[in-house]
Amino acid sequence: MINFQYSRADNIADAVRQIAADPAAKFIAGGTNLIDLMKEEVERPSRLIDISRLPLNTVAETAGGGLRIGALVPNSDLAYHPLIAQRYPLLGSAILAGASAQLRNMASTGGNLLQRTRCYYFYDTATPCNKREPSSGCSARNGLNRMHAILGASESCIATHPSDMCVALAALDAKVHVAGPAGERTIAFSEFHRLPGKTPERDTNLRPDELITAVELPARGFAANYTYLKIRDRLSYAFALVSIAAALELDSDTIKEARLALGGVAHKPWRDPEAEAALRGRPANPAAFALAADLLLRDAKGYAHNAFKIDLARRGIIRALTQAANATPQSQSSKKIR
Ligand SMILES: Cc1cc2nc3c(=O)[nH]c(=O)nc-3n(C[C@H](O)[C@H](O)[C@H](O)COP(=O)(O)OP(=O)(O)OC[C@H]3O[C@@H](n4cnc5c(N)ncnc54)[C@H](O)[C@@H]3O)c2cc1C
Ligand code: SF4
């Protein structure tokens, strides 16, 4: 384990002041990702600034009919919160599909957004990795790449973002509230995570001296017709090969509004406005769902070990939309819509 200093932040302004004063410092919330990365010497912060006692652990209703979720609300509290269960069950399902009960008790809302990729080479300091060490190369492109991206990858990096919660937040059009030395700002969820391009070392558009204070959900929760479908190697404690957050608003059998976000396929939760637009105004049936899947996956590209994900994603999208349309979020098969 590397040597580092430890301090506790007294309030939000103090947290921002401390991080701005030391570019090599890191915030620590639940520690479930950061401590692992420090043990592997992938992260080597000079100082840990403990934010776990900041008053950012409440879920409150907003004037616009949505919810403001404090950055320190534990993943398990959020998943079981009555307002999430009633109004945003897609988010609750996605959180409960991730990690284990013990980890979800420790993991925070802000930390979940900033968890780092699970690319094996990123954790293995004996191998080149552009994300860990810029310009060193990407071991995954010609190495083991079963878990890797099929959309939005670059020459520099083909890693995926591992979060389940973020896939639902993307589908729900959440916003991220942050505080920094220049004051507060809000980042649309679609702009929060980045594609790798030539700078895969940057996962997000959060600045190094900014603190996530909250995540805001808009009023629309898609509580009637939704599904979070996670396909993985074993039923618990495994990251998604492909996951799908599907949400529909129906007028009888016609789709009024559709949301589709994929996890496990790209460097960020993947949404495609064309695929969602193609669903609006159509009957909720397999032909419409297949069209949306084909549109969303039109630029998908597999590598040596992950080409199977393209067909897996296509089938997953159709199944998730079918379950959402049938209002059977956890069912394995379709009864009503054929
Ligand atoms: C074995 C295992 C299995 C897992 N399986 C899954 C899974 O299936 N699905 C899934 O989605 N996740 C999974 N996880 C990941 C888990 O959800 C994350 O580790 C967790 O959400 C991170 O939250 P944390 O509070 O512990 O973050 P920390 O480890 O404390 O911090 C993570 C990063 O976020 C930064 N940070 C934290 N809070 C803030 C803030 N408010 N503002 C600015 N920066 C901040 C830290 O500086 C650090 O860089 C798994 C983890 C483990 C260890
Ligand atoms: S895919 Fe990205 S994280 Fe994995 S080895 Fe390549 S550069 Fe590193």
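## A quick tour of a predicted protein model

Start with the two domains: taken over C-alpha atoms, the centres of domain 1 and domain 2 are 36 Å apart. Domain 1 covers residues 5-49 and domain 2 covers residues 226-325, with the bounds coming from an automatic or database domain assignment. This is a predicted model, so local features need pLDDT of at least 70 and side-chain atom pairs count only at pLDDT 80 or more, while totals for chains, interfaces and linings use all residues. Residues are numbered from 1 along each chain as its sequence is written, chains are lettered from A and ligands numbered from 1 in the order in which they are written, and side-chain values use heavy atoms, with hydrogens and water left out.

**The whole protein**

- The protein has 13 helices and twelve strands; these are DSSP runs numbered from the N terminus, with helices being H or I of at least four residues and strands being E of at least two.
- Its radius of gyration is 20 Å, close to the 20 Å that the globule rule gives for 338 residues, so the protein is as compact as a globular protein of that length. The radius is taken over C-alpha atoms, and the rule is 2.2 Å times the number of residues to the power 0.38.
- Along the principal axes, the C-alpha atoms fill a box of roughly 60 × 50 × 35 Å.
- Of the 338 residues, 55% are buried. Buried means under 20% relative accessible area, exposed means over 50%, and partly exposed is in between, using a 1.4 Å probe and protein chains only.
- Take the contacts (heavy atoms within 4.5 Å) between residues at least 6 apart in sequence: 63% of them join residues at least 24 apart.

**Cysteines and ligand 2**

- How many disulfides does a search of the whole structure find? The search finds zero, where a disulfide is a pair of cysteine sulfur atoms within 2.5 Å.
- Cys-166 shows why a bond is ruled out for that residue: the closest cysteine sulfur, in Cys-157, is 17 Å from its own, too far for a bond.
- Cys-166 is buried at 0% relative accessible area, and Cys-157 is buried too, at 5%.
- Cys-157 also turns up beside ligand 2, which is surrounded by 14 residues, the closest being Cys-119, Cys-129, Cys-138, Cys-157 and Ile-158. To be near the ligand, a residue needs a heavy atom within 4 Å of it.
- Sorted by class, that shell has nine nonpolar, four polar and one charged residues. Here Ala, Val, Leu, Ile, Met, Phe, Trp, Tyr, Cys and Pro count as nonpolar, Asp, Glu, Lys and Arg as charged, and the others, Gly among them, as polar.

- Helix α5 (residues 89-96) is largely enclosed by the rest of the structure, because seven of its eight residues are buried.
- The buried residues of α5 are Pro-89, Leu-90, Leu-91, Gly-92, Ser-93, Ala-94 and Ile-95.
- Helix α2 (residues 34-39) holds Leu-37, which counts as buried at 1% relative accessibility.
- Not counting residues up to four places away in sequence, Leu-37 touches Val-42, Glu-43, Arg-116, Phe-122 and Tyr-123.
- Leu-37 and Phe-122 are 85 residues apart along the chain, yet their C-alpha atoms are separated by 9.6 Å.

**Out in the loops**

- Is Gly-65 buried, partly exposed or exposed? At 32% relative accessibility, Gly-65 counts as partly exposed.
- Gly-65 sits in the loop between β4 (59-61) and β5 (67-70), and its C-alpha atom is 9.0 Å from that of Leu-217, 152 residues away along the chain.
- Setting aside neighbours within four places in sequence, Gly-65 contacts Arg-87, Tyr-88 and Ala-219.
- Lys-268, in the loop between β11 (254-263) and β12 (270-271), is buried, with a relative accessible area of 17%.
- With neighbours within four places in sequence left out, the contacts of Lys-268 are His-161, Ser-190, His-193, Arg-194, Leu-195 and Leu-262.
- Pro-162 lies 106 residues from Lys-268 in sequence, but 8.6 Å away in space, C-alpha to C-alpha.

**Positive phi angles**

- Glu-41, in the loop between α2 and β3 (47-50), has a phi near 60°, a positive value in a residue other than glycine. Glu-41 is partly exposed, at 36% relative accessibility.
- Ser-135 has a positive phi as well, near 70°, and belongs to the loop between α8 (120-123) and α9 (165-171). With a relative accessible area of 77%, Ser-135 is exposed.
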